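Student: I have a new structure to look at, and I would like to learn how to read it. Could we go through it together?

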Amino acid sequence: MKAKDYGLTKQDIIEMSDTYLLDIGYHFPIVVEEGEDVILRDADGKEYLDFYAGIAVNSVGNCNKKVVEAIREQAGQVMHTSLYPYNTPQAMLAKLVCEQTGFDRIFFQNSGSESNEAMIKMARKYGVEHFGPDHYEIVTAKKGFHGRTFGALTATGQPDTAIQKGFFPNLPGFHYAEFNNLESFEAACTDNTAAIMVEPVQAEGGVYPATEEFLKGLRKLCDERGMLLLFDEVQTGWCRCGETMAYMHYGVKPDAITMAKALGGGLPLGAVAMTEECAKALNPGSHGCTFSGNPVCCAAGYAAIGEMLDRNLAANAKEMGAYFMGQLNALPHVKEVRGLGLLVGLELDNVDAVQVKIKAMEAGLLVTTTSDRVIRMVPPLTITREHCDRAAAILREAISKA
Ligand SMILES: Cc1ncc(COP(=O)(O)O)c(C=O)c1O
């Protein structure tokens, strides 16, 4: 659907949206009507270099031809079945994901938050069944982000932000510790801790990669105390950080992971993947979801992962990430450049990151901010050096104007 097909202008669409949608912020003042790899087109024809990829979703590029073809074909065969019958795209994708991630079993969900809910449910039931009725506590990291549903927003260790404020009481049984601080995690664990849950790179919290020492320490702590180690790879997963999953970069295998965003190639698809041992906790009747394994979403995911593997986009993410971060380091007013692969954070010293974002947008580059000092960039993993050069040049100009 395009505005002009309905006799509407770009401004009409913005006004309709502002009138009828909940005002939860976030809007770029553009109406994206076309996407092609690393380029997005506004309804008024202006082109943008896409360095946010629908928040780390369009990893294989906007409207990737193989993904579009898979969606078209599947939509013409069967669109939705529910979980009752088996379906081919779900089976094919489940096998592919398990083989590529090294987990035994998977359950598909619609989003990252929902996948985290499933992982939290699994950990609680595992703890209670193995150790007793009070053994359901989970320790997560301060400044982490795990989503907006109740379990996920409670797991999100940001009590003073709009994510949690006003929605209390939270889900009981969560404790928070300092990210990258093993002693803090040790101290937060009790005799009733069932699991530790972290992101390998805190993305929404400002792009902070975990240290190898920290994740290895968490693994050891969990093994010593019979706790599960859970990684939220909703943003870091599927080649974004230079390996198929970020845990592979660290050489630390968790007991379960969640994924979403890039998994569906642009359609809403999440999942929780786990070991056989963990899977026993989510036994028949204990979990479900009407849209789980939706054939169209799974067909899109199967094509998207195929693209990532065929084109070795993990290697491109590693190479382009290093190249781009090198360029960012040469920009003025940079306090720190941090990240892993193409999950990149640019922290500025005394320049307003939101103003830089706006100036960059005016010059044709789309980026996001995680605070008033940090610009977060998660472009499609298909980007080239030329795209990085252009983005860095626009940012240099934007910083000087902000
Ligand atoms: C690490 C992480 N976990 C969970 C979520 C929530 O995913 P969703 O918005 O699909 O519910 C996000 C979203 O940004 C995320 O970055």
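Tutor: Gladly! Let us start with the shell around the ligand: its residues divide into 5 nonpolar, 7 polar and 3 charged. Here Ala, Val, Leu, Ile, Met, Phe, Trp, Tyr, Cys and Pro count as nonpolar, Asp, Glu, Lys and Arg as charged, and the others, Gly among them, as polar. Keep in mind that this is a predicted model, where local features need pLDDT of at least 70, side-chain atom pairs count only at pLDDT 80 or more, and totals for chains, interfaces and linings use all residues. Residues are numbered from 1 along each chain as its sequence is written.

Student: Which residues come nearest to the ligand?

Tutor: A residue is near a molecule or strand if its C-beta atom, placed from the backbone, lies within 6 Å of it. Of the 15 residues around the ligand, Ser111, Gly112, Ser113, Gly147 and Val234 come nearest. Helix α5 (residues 112-131) gives the most to this shell, with 3 residues. Helices (H or I, at least four residues) and strands (E, at least two) are DSSP runs, numbered from the N terminus.

Student: Which residues of α14 are buried?

Tutor: A residue is buried if 20 or more other C-beta atoms lie within 10 Å of its own, exposed if 12 or fewer, and partly exposed in between, with C-beta atoms placed from the backbone. In α14 the buried ones are His387, Cys388, Ala391, Ile394, Leu395, Ala398 and Ile399. Seen down the helix axis, they fall within an arc of 135°, so they line one face of α14; the arc is that of the directions from the axis to the C-beta atoms. As a general idea, an α-helix has 3.6 residues a turn, so residues three or four places apart point the same way.

Student: What does the face of α14 turned away from the buried side carry?

Tutor: That face has the exposed residues Arg385 and Glu386.

Student: How do I read a strand such as β12?

Tutor: Look at its cover and its partners. In β12 (residues 270-274), 5 of its 5 residues are buried. Gly270, Val272 and Met274 lie on one side, with Ala271 and Ala273 on the other. Two strands pair if DSSP finds at least two bridges between them. Strand β4 (residues 105-109) pairs with β12 in the antiparallel sense over 5 bridges, and Phe107 has Val272 as its bridge partner. Strand β11 (residues 256-259) is joined to β12 by 4 bridges, also antiparallel, with Met259 opposite Ala271.
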